[in-house]
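Have the model open in a viewer, with a way to select residues by number. The stops below go in order, one selection at a time.

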Amino acid sequence: MRRLDHPNLDEVALAQALSALGDPVRLAIVRMLSDGEEHQGSKFAVKVSQSTLSHHFSTLRNACVVFIRPEGTRCRHSLRPEFDHRFPGLLGTVLALR
């Protein structure tokens with residue numbers, strides 16, 4: 001089974017986290033993941049190409065916002081619960097803004 005590297009959350013700076021959350025497409029992805037469930041990557045309703053969607057997921061993974069679990073030829077995505085321990089209230093605040 002293939003494995004993706006996930007950075008250590010302690011190495012993520014606030015600026016990197018804010019940058020990852022500052023893009024409208026990535027914010028839409030995080031909003032969809034905020035239900036606490038795992039979601040298949042190809043099921044996200046964002047109007048970007050598959051390669052661009054992969055880039056957005058990579059950016060969110062590198063900022064430790066999401067966890068990506070390979071499953072066969074697909075990937076399952078979820079929010080990293082420990083992100084809120086590192087940056088308390090950040091996701092809730094960003095998601096509350098419209």
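Select arginine 80 and what it touches: His6, Pro7, Leu9, Cys64, Val65, Val66 and Phe67, leaving out residues up to four places away in sequence. Touching, or contact, means heavy atoms within 4.5 Å.

This is a predicted model, in which local features need pLDDT of at least 70, side-chain atom pairs count only at pLDDT 80 or more, and totals for chains, interfaces and linings use all residues. Residues are numbered from 1 along each chain as its sequence is written, and side-chain values use heavy atoms, with hydrogens and water left out.

Stay on arginine 80, which sits in the loop between strand 3 and helix 4 (83-86). Helices (H or I, at least four residues) and strands (E, at least two) are DSSP runs, numbered from the N terminus. Arginine 80 is buried, at 10% relative accessible area; buried means under 20%, exposed over 50%, partly exposed in between (1.4 Å probe, protein chains only). A polar atom of its side chain is 3.1 Å from the backbone oxygen of proline 7.

Next, select helix 3, residues 50-62. Which residues of helix 3 are buried? They are Leu53, His56, Phe57, Leu60 and Arg61. They lie on the same side of helix 3, because they cover an arc of only 140 degrees around the axis, taken from the directions from the helix axis to the C-beta atoms. Their cover includes helix 1 (14-21), helix 2 (24-33), strand 2 (66-71) and strand 3 (74-79).

Last, go to cysteine 64, which follows helix 3 and has a positive phi, near 65 degrees.

Methods: Polar contact = N/O pair within 3.5 Å; in protein donor to acceptor, adjacent residues only side chain to side chain.
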